[in-house]
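Thanks for coming, everyone. Let me put the model on the screen, and then we'll walk through it.

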Amino acid sequence: MGMQGLEHRLERMVDGVFRRSRNSIRPIELGRRLIREMDDHRSVDVKGQRIVPNDFVVLLSADDHNGFADIEDALRTELVEACREYAREEGYHFMGPVSVDLRIDNSLKPGRFGIASQLKQSDPGHRPGSIVMPSGDRISLVDDTHTIGRLPDCTVVVSDSNVSRHHSRITRSGSGFVIADLNSTNGTFVNGERLLADHRLTEGDIITIGSVNLRFEAS
């Protein structure tokens, strides 16, 4: 998809939802700057994965912040999803959940804004986590153990003939989750790599079982 494709997505997803806003800053401008922030501050971890910021603060004038007041929660949700989408397309990885916060900076004039970002690991303690289905539905990982497979007793039920009855298992481990294959016929893949051992899931990981792709979100 790349930058151009994602901008088209933002135009549809963000501006379409917030067209009624009379703010001097368009949401698409915020989305573009967040994407640029990810590109400009990417790094490589010890595993060779490209890591990008996942914690963003959008600094706005008081007037512009007030202009987004009625739609702030929805706007933050859409911008977070835009960051996740871009990361998936570019093969980027996050160290923890993606968050976007809007704050007032009294030094800014209306129409001007700034972005602050950082790499932020998951906070200690239990975080819900979720699996995003191809349909977009989210299944919250609220228990300590969850199974993925064809049978209806699985937490995540996947109707695919290439998926085993109990295909893989996701287990809470510390502040995160670990996935393991349950000796399935066709294997479990994470980000295109077949699991040969337990794998600690990180934000945006793509889990492939059979012909179905599932996405892990840490929050």
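Let's start with a quick one: does Asn183 count as buried or exposed? Asn183 counts as exposed, because its relative accessibility is 75% and the cut-off for exposed is over 50%. Keep in mind that this is a predicted model.

Where is Asn183? Look in the loop between strand 12 and strand 13, residues 188-190. Asn183 is not a glycine, yet its phi is positive, near 55°. As background, most residues other than glycine have a negative phi.

Now go to Asn191. Here again phi is positive, about 55°, in a residue that is not a glycine. Asn191 sits in the loop between strand 13 and strand 14, residues 193-194. Asn191 is partly exposed, because its relative accessible area is 33%.

Let's step back to the whole chain. We have 4 helices and 17 strands. There are 219 residues, and 44% of them count as buried. The chain exposes about 11,300 Å². Carbon and sulfur atoms supply 44% of that area. Next, the contacts. Take those between residues at least 6 apart in sequence: 59% of them join residues at least 24 apart.

On to the helices. Helix 2 runs over residues 27-40. How far apart are its end C-alpha atoms? They are 20 Å apart. Which residues of helix 2 are buried? The list is Pro27, Ile28, Leu30, Gly31, Leu34, Ile35, Glu37, Met38 and Asp39. For reading such a list, remember that an α-helix has 3.6 residues a turn, so residues three or four places apart point the same way.

Helix 4 covers residues 72-90. The same check works here, because its 19 residues should span 27 Å and its end C-alpha atoms are 27 Å apart. Buried residues in helix 4 include Leu75, Leu79, Val80, Ala82, Cys83, Tyr86 and Ala87. After helix 4 comes Gly91, with a positive phi near 75°.

Stay with helix 4 and look at Glu72. Is Glu72 buried or exposed? Glu72 is buried, because its relative accessible area is 18% and the cut-off is under 20%. Who touches Glu72? Setting aside residues up to four places away, the answer is His65, Asp101 and Leu102. Asp101 is 29 residues away along the chain, with 9.0 Å between the two C-alpha atoms.

Next, a few pairs that link separate parts of the chain. Gln118 is in strand 6, residues 113-118. Gln118 is partly exposed, because its relative accessible area is 41%. Beyond four places in sequence, Gln118 is in contact with Pro53, Asn54 and Asp55. Gln118 and Met38 are 80 residues apart along the chain, and their C-alpha atoms are separated by 9.6 Å. Met38, you'll recall, is one of the buried residues of helix 2.

Then His166. Find this residue in the loop between strand 10, residues 156-157, and strand 11, residues 168-173. His166 counts as partly exposed, because its relative accessibility is 33%. Its contacts beyond four places in sequence are Ile148, Gly149, Leu151, Asp153, Cys154 and Leu182. For Leu151, the separation is 15 residues in sequence and 6.9 Å from C-alpha to C-alpha.

And Ser135. This one is in the loop between strand 7, residues 130-132, and strand 8, residues 138-140. Ser135 is exposed, because its relative accessible area is 58%. Leu214 is 79 residues away in sequence, and the C-alpha atoms of the pair are 9.7 Å apart.

Last stop, the largest pocket. Its space comes to about 550 Å³. How many residues line the largest pocket? There are 23, and Phe94, Met95, Arg200, Leu201 and Thr202 lie nearest its centre. Two elements give two or more residues to this lining: strand 12, residues 176-181, and strand 15, residues 199-200. By type, the lining has 7 nonpolar, 10 polar and 6 charged residues.

That's the tour. Over to you.

Key: Residues are numbered from 1 along each chain as its sequence is written. This is a predicted model: local features need pLDDT of at least 70, side-chain atom pairs count only at pLDDT 80 or more; totals for chains, interfaces and linings use all residues. Side-chain values use heavy atoms; hydrogens and water are left out. Buried means under 20% relative accessible area, exposed over 50%, partly exposed in between (1.4 Å probe, protein chains only). Contact means heavy atoms within 4.5 Å. Accessible areas come from the Shrake-Rupley method with a 1.4 Å probe; for residues, only the protein chains shown count as cover. The expected span of a helix is 1.5 Å times one less than its number of residues. On a 1 Å grid over the protein atoms alone, a cavity is a set of points where a 1.4 Å probe fits but cannot get out, and a pocket is an open set with protein on both sides within 12 Å along at least five of seven lines; lining residues have an atom within 4 Å of a point. Grid points are joined across faces, edges and corners, and a volume is the space filled by probe spheres set on the points. Ala, Val, Leu, Ile, Met, Phe, Trp, Tyr, Cys and Pro count as nonpolar, Asp, Glu, Lys and Arg as charged, and the others, Gly among them, as polar.
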